[in-house]
Amino acid sequence: MTAIDQSTGRVGDVVFAGLARSSGLLIMLALAGVAVFLVVQGSGALGNTGDAVYGKDSIWGYVWPLLFGTLLASVIAMIIAAPLAIGVALIISHYAPRPVAKTLGWLIDLLAAIPSVVYGLWGINFLALNLVPAYDWLQRNAGWIPFFEGPVPNSGRTMLTAGIVLAVMALPIITAICREVFAQTPTMHQEAALALGATRWEMIRMTVFPYARSGMISAVLLGLGRALGETMAVALVLAPSLLVSFNLITAEQSSSTIAANIALNFGNASGAKIDTLIFTGLVLFVITFAVNFLGRAIAVRGVAKG
């Protein structure tokens with residue numbers, strides 16, 4: 001037996017461990033490189049005013065409407081996607097027959113393989129146009145609520161449309177994580193609840209949800225991170241603007257997002273404007289990193305407790 005076999009195991013295990021560590025280190029270096037680039041290139045925008053920040057008084061006056069729009073679109077997406085994804089995950093893991101569950105899981109996973117530009121084209125050419133009657137109804141019957149004041153554009157390109165598109169895009173991530181966590185619930189706990197006379201829903205509420213709570217939260221946060229960084233789909237659906245508005249069914253007073261704004265303006269930017277756009281990218285990077293880090297931390301803590 002060789003020295004490698006005696007000390008660390010088979011050669012294949014040693015090679016695999018080295019590749020895994022190298023891959024993790026490479027990812028960390030790439031992430032650090034992106035962070036350094038954004039900080040170095042974007043810090044010069046802190047003193048920008050006037051035309052360099054597209055007519056705003058300061059860089060923060062330019063970033064704030066975009067940050068607001070980014071958070072608003074992402075929150076809308078999570079309000080729609082989270083309960084739907086959890087429901088689909090429960091159907092796959094506890095309700096549907098195995099062939100149906102397998103097919104449904106495959107179809108949901110397939111959504112993750114669709115390019116974002118395709119989602120954007122679907123959103124602007126199909127979803128937005130078909131949502132106009134629903135928006136008209138909301139304006140007539142709930143126009144007294146600031147979210148649904150209108151006016152409703154004929155194109156349907158609104159913040160609510162963008163949120164729905166983002167919800168569909170985040171659905172596979174949340175569903176995949178939730179169904180894996182649900183499937184890991186101890187079988188004995190579930191059988192004990194059923195043996196005591198609990199219905200299937202009561203069993204899920206008493207055994208599955210408490211066990212999977214941290215996993216569900218982390219899944220939603222990771223889906224939120226996906227929605228925060230989306231670019232092309234939102235850029236195609238939303239008209240560019242620098243407004244702070246809670247009106248979800250209008251295009252005239254709707255907000256935009258950081259990622260979409262960068263995609264739409266970077267090609268025509270030069271000089272100080274490039275620094276401004278890079279700084280907005282830095283803000284988005286920090287927020288997305290924080291959300292994903294929080295999601296991973298909650299997931300790890302849940303696994304440790306389990």
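**Pockets, helices and selected residues in a predicted model**

The second largest pocket is lined by Ile92, Ser93, His94, Ala96, Arg98, Ala101, Lys102, Arg179, Glu180, Ala183 and Gln190. A pocket is here an open set of points on a 1 Å grid over the protein atoms alone, with protein on both sides within 12 Å along at least five of seven lines, whereas a cavity is a set of points where a 1.4 Å probe fits but cannot get out, and lining residues have an atom within 4 Å of a point. The structure is a predicted model, in which local features need pLDDT of at least 70 and side-chain atom pairs count only at pLDDT 80 or more, while totals for chains, interfaces and linings use all residues. Residues are numbered from 1 along each chain as its sequence is written, and side-chain values use heavy atoms, with hydrogens and water left out.

The volume of the second largest pocket is about 280 Å³, a volume being the space filled by probe spheres set on the grid points, which are joined across faces, edges and corners. At least two residues of this pocket's lining come from each of α3 (59-95), α4 (98-111) and α6 (159-183), where helices (H or I, at least four residues) and strands (E, at least two) are DSSP runs numbered from the N terminus. By residue class, the lining of the second largest pocket comprises 4 nonpolar, 3 polar and 4 charged residues; Ala, Val, Leu, Ile, Met, Phe, Trp, Tyr, Cys and Pro count as nonpolar, Asp, Glu, Lys and Arg as charged, and the others, Gly among them, as polar.

The structure also contains 1 cavity of 30 Å³ or more, and the volume of the largest cavity is about 30 Å³. Thr70, Ala73, Ser74, Leu166, Ala227, Leu228, Glu230, Val234 and Thr257 form the lining of the largest cavity. Both α3 and α8 (200-228) supply at least two residues of that lining, and α3 makes the greatest contribution, with 3 residues. The lining of the largest cavity is made up of 5 nonpolar, 3 polar and 1 charged residues.

Of the 306 residues, 41% are buried, where buried means under 20% relative accessible area, exposed over 50%, and partly exposed in between (1.4 Å probe, protein chains only). Among the contacts with a separation of 6 or more, 78% join residues 24 or more positions apart, contact meaning heavy atoms within 4.5 Å. The protein exposes about 16,100 Å², of which carbon and sulfur atoms supply 69%; accessible areas come from the Shrake-Rupley method with a 1.4 Å probe, and for residues only the protein chains shown count as cover.

An unreviewed UniProt entry lists residues 25-46, 66-92, 104-128, 159-178, 215-239 and 276-295 under "transmembrane region"; UniProt positions are given in the numbering used here, feature names are shortened, and annotations may be inferred rather than shown by experiment. In the model, residues 215-239 are 80% helix and 0% strand, with end C-alpha atoms 36 Å apart, while residues 276-295 are 100% helix and 0% strand, with end C-alpha atoms 29 Å apart.

Beyond residues up to four places away in sequence, isoleucine 91 touches Ala96 and Leu104, and its C-alpha atom is 9.1 Å from that of leucine 104.

Leucine 221, in helix α8, counts as buried because its relative accessibility is 15%. Neighbours within four places in sequence aside, leucine 221 is in contact with Val291, Leu294, Gly295 and Ile298. Phenylalanine 148 is placed in the loop between α5 (116-142) and α6, and it counts as buried because its relative accessibility is 18%. With residues up to four places away in sequence not counted, phenylalanine 148 touches Leu138, Gln139, Ala142, Gly143, Asn247 and Ile249, and the C-alpha atoms of phenylalanine 148 and leucine 243, which are 95 residues apart in sequence, are separated by 16 Å.
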